[in-house]
Amino acid sequence: MGKTIIDCVLNKSYLVKKLHTTGALRQRLISFGILKGTPIKYLASTKMNATYEIQVGKMTLALRQEEAMKIEVEEYETN
Amino acid sequence: MKQIKIALVGQPNVGKSMLTNAIGDTTLHVGNFSGVTVEKKEIKFKYKDYEISIVDLPGTYMLTNYSIEEKVTSDFLLNEEYDLILNVADSTNLERNLQLTSELLSLDKKMLIALNMSDEAKKENIDINANYMSELLGVNVIPVSAVTKEGIDKLVHNTVQTFEKPKKTTKLVFSEAIEEEILNIETHLSENKYNTKVSYRKIAIDLISENKETYKILHDEPIWITLQPILLDSIKHIKTHHDEEAMIDIFADEFMAFNNGILTETVKVQNVDSSKLTTTQKIDNILIHPFLGIPIFLFLMWGLFQLTFEIGSIPMDWIDGFFVWLGNSVGDNISNNDIRSLVVDGLIAGVGAVVLFIPNIIILFVGIALLESTGYMSRVAYLLDGFFHKFGLHGQSFIPLVTGFGCSIPAYMSARILKNDSDRLLTLFIIGFMSCGARLPVYVLFVGAFFSPESSGNILFAIYISGAILGIIMAKILKMTAFKGESEPFVMEMPKYRLPSAVLIWHTVKSKTWMYLKKAGTFIAAAAVLVWFLSNYPHNDILTNSYETKIGLTSNMEIKNNLSNELNQKLLEQSYLGQVGKFIEPIFEPLGMDWKMAVALQTGLAAKEVVVSTLGVLYSLGGDVDEQDSTLIERLHEHIPFASAVAFIIIMMIYLPCLAATIVFSKEAGGLKYTVYLFLFTTFVAYSCAFIGYHVALNF
C-alpha cells in the first residue's frame, strides 16, 4: 500500500487512490463522498494522532487512525 | 379536505427539523449534530383545502442501512405509503447533498427539493439557478431559508402543486453502459408483461445496483428464469466498463458524475480566497486544539454546573417562600385535620419540593441545547474518541452520554447512531451513570444540606464528573467481559458552527420544562399523595390517646414538646410506609441509612423527582413540632448523618433509572433480559460503591 492519510502533509491536497476496506466501513466512506479521485485534505489530529480531521469537498470529517490508514492517497498537482 | 403525506428526507445537518418548524410553526427539537431526529416525527397543519402531514425522517447520507436511524429512513421510503418526498438540501454544500438527491430520484416517486440555507449561500457568494436545476432534474427546486422564512410560502404552494399534478419523469441519467443495460432489462420486463406497481426502469436500476429487496421479490417470480442470464450479462458488461469491482462504487461514481454535471450547469461560485480561514476553522483552531481542546471542554462543563447552582439558587428562595406561604395560608382555611394534612403535607409539600428545582433544570437544559445546536458536540466526540476508544466506547457514544445529563430517555434513543450492536449495548448500559436532570433536585437538596454554599457548585460538578468517570471505568470492565467484539469504525461529520437560534433554544427548553412541570402536577402529585397516605395510615387511636393524656398531665413545655415529637415519630413508624421501610431497613443499614431514606430511594424507582417529594413528606411529618417552618434542607441536615448522606447520593448516582427510562432501555436494548442485567448490574455497583463511600465518609 502506498501513502495513506496518516502520511499526508498538513493542509495539502491529495486525491483518494483506493479504499482498502470492504463492507460497512467502505459503504460509510462512500456515503461521505470518499471515492476514488476525490480531493482530500488533512487538517488536524488529536494528541497521539488518535483521531484525524480531514476535509472532503466542503465537508469536514473526523475519523480514527485505523480508518485513516485504510484510505490510500496520491499527490495532487494543483498547478 | 384532501390529505397530503410528505416524507421529509435529507442528509444530517441540513436543517430539516428547523424547516419543519418554519413550515408548520411547531416545536420540534433541533440540533446541529448527526442524529437529532432519532425517530420519525410527524407534524400536521392545514393549508387552504389541504391537511398536510410531514414525516420528519432521521437524516441519512445515503439510502444504505448503515445505522439504525438510516434504516428507519430507507424502510419508510421503500415500504410506507406517502404522497411525495420533500428532499431538503444544504445550499452551501450541494455536491454532498445531491448525492442523496440522486438516490432519491432513482426511487421514482413524486418529489420536490428545498434548497435550505439559501441565505447562507448568498453570503458565501454561491449563486444557484434553481429554475434551471428544476428543468435538469425533472423535479421542482425551491430555494428556502428556515431561518429567515424566505421561500417557505412558495415551498408549501409548490408542495400542493406537485401533489395535484401528474408525476413528471425524473431525468436521472446514467452513463451509456448502464443506460444500455437498463433498457435491456426494461425491454425484457415489458416483453414478458411483468405485472408490478413500480416502473420497469426502477426495477432495472434496482437489479443492476444489487438492491436486495428487489432481488427477493423477483427471485420468486417465473420471469426470474429468463431474467437472470440477462442480468448477469448486464452486470458483467457494466463492470468491464468501469474497472471497479463493487457495484456500490460504480453507482456512487455514477451519481457523482450526474451531480457534477448538474452543478457545473447551475451553480456559480464567485472565487473566494481559499487560503483565508473560515470562521469555523478559526474557532476549531482553538476548540479542538490538541492540548487545549479537552481542558476547554471540561472548563465549559464546569461552568455550566456552576451556573446551574449559582444562578439557579436565586429564584429558588422565592419559589420556596411561595410554597411555605401557600401551605400556611391554605392550611389556615381547612378545619378538618386529615384534609389539611393531605393538602399541606402531602400535595403542597410534595409538589412544591419538585417545582423548586425548575430554575436548575432550565439552566441545565439551556446548556445542553447550546452544546447541541452550535455544533460543538461533534467536536467533543472528535476530541474524546481516542480516550473513549481505550475504554471500549465510541467517540459518538459521547452524544447519547451527554444527552443523558438531560434525560436518559432521549439518550437511550440517540444511542441508535451506533451501528455496532455491542458498542450500542455498552453505551446503553453506561448512560445511567450520567446523572439525569431529574436527579439534580436530589443532589441540590443534599449538597445544600451538607456542604457550604461556596463549595456547592464544585461538589455538584464533582458528583456529575465522578458519575461519568465511574461510567467509563464500568464500560471498560463490561467491554472486557460481557461485550467483547469488534469496535465500530469512527467516521463522523463535523458540521459548520452555527449561531444558536434563540427561538429554537427557547422552544426546546420550554417544551422540556413544561414536561417537567406537567409531571410535577400529575404523576408526582399523585405519588406525593400516595406517600402521604401510606405514611399517615393506619391511624392508631390508642397510641395517640395515651400520648395526649400524658401531654395533658404535664405543664412543662419542654416535656410537652418532647412527648409530641415522640408521638409523631411512633405514628410514622407504625404507618404502612413505616412498615415497608422497617422491612427493608436491614438491607440499607450497612450504608447507615434509616428506613425513611430507604423508602425515599425505593420511590425513586418510579421517578427520581419523587425522592425529593417523599423526603419532603416524611421529614415534615416526623419533624420537630416547634420547627414547622424550617426548610427541608435544614431538617435533612439535622436528621441525617453526613456519612449516610454520602451513601445516599452515591446510590442516587448509580441505581436503576426511572420506570419510564427503564422501559425505553428495554425497548432499545432489545429485550427484557437486558433490563434484568441492568438491574443486577446497577444495584450491585450502587450498593458496593455506597458501602465504600459510607465507610470513607465516616472518617470525616
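1. Angles under 35 degrees count as roughly parallel, over 145 as roughly antiparallel, 65 to 115 as roughly perpendicular, and the rest as oblique. The axes of helix H21 (residues 440–450) of chain B and helix H22 (residues 456–481) of chain B cross at roughly 135° and come within 10 Å. H21(B) and H22(B) are therefore oblique to each other. Here axes are lines fitted to C-alpha atoms, for helices over the stretch in contact, with angles running from 0 to 180 degrees between N-to-C directions.

2. This is a predicted model, in which local features need pLDDT of at least 70, side-chain atom pairs count only at pLDDT 80 or more, and totals for chains, interfaces and linings use all residues. Residues are numbered from 1 along each chain as its sequence is written, while chains are lettered from A and ligands numbered from 1 in the order in which they are written.

3. On the H21(B) side the contact is made by Tyr443(B), Val447(B) and Gly448(B), and on the H22(B) side by Ser456(B), Ile459(B), Leu460(B) and Ile463(B). Two residues are in contact if their C-beta atoms, placed from the backbone, lie within 7 Å.

4. Chain A has two helices and five strands, in the order β-α-β-β-β-α-β from the N terminus. Helices (H or I, at least four residues) and strands (E, at least two) are DSSP runs, numbered from the N terminus. The radius of gyration of chain A is 11 Å, close to the 12 Å that the globule rule gives for 79 residues, so chain A is as compact as a globular protein of that length. That radius is taken over C-alpha atoms, and the rule is 2.2 Å times the number of residues to the power 0.38.

5. Of the contacts in chain A with a separation of 6 or more, 57% are between residues 24 or more positions apart. The C-alpha trace of chain A spans about 35 × 30 × 25 Å along its principal axes.

6. In chain A, strands S2 (residues 39–45) and S3 (residues 51–56) pair in the antiparallel sense over five bridges; pairing requires that DSSP finds at least two bridges. Lys41(A) stands opposite Gln55(A) in S3(A). Five residues lie between S2(A) and S3(A) in their hairpin, and Met48(A) in the turn has a positive phi of about 60°.

7. S3(A) also pairs in the antiparallel sense with strand S4 (residues 59–64) of chain A, over six bridges. Thr51(A) stands opposite Arg64(A) in S4(A). The hairpin of S3(A) and S4(A) has two residues between the strands, and Gly57(A) takes a positive phi near 60° there.
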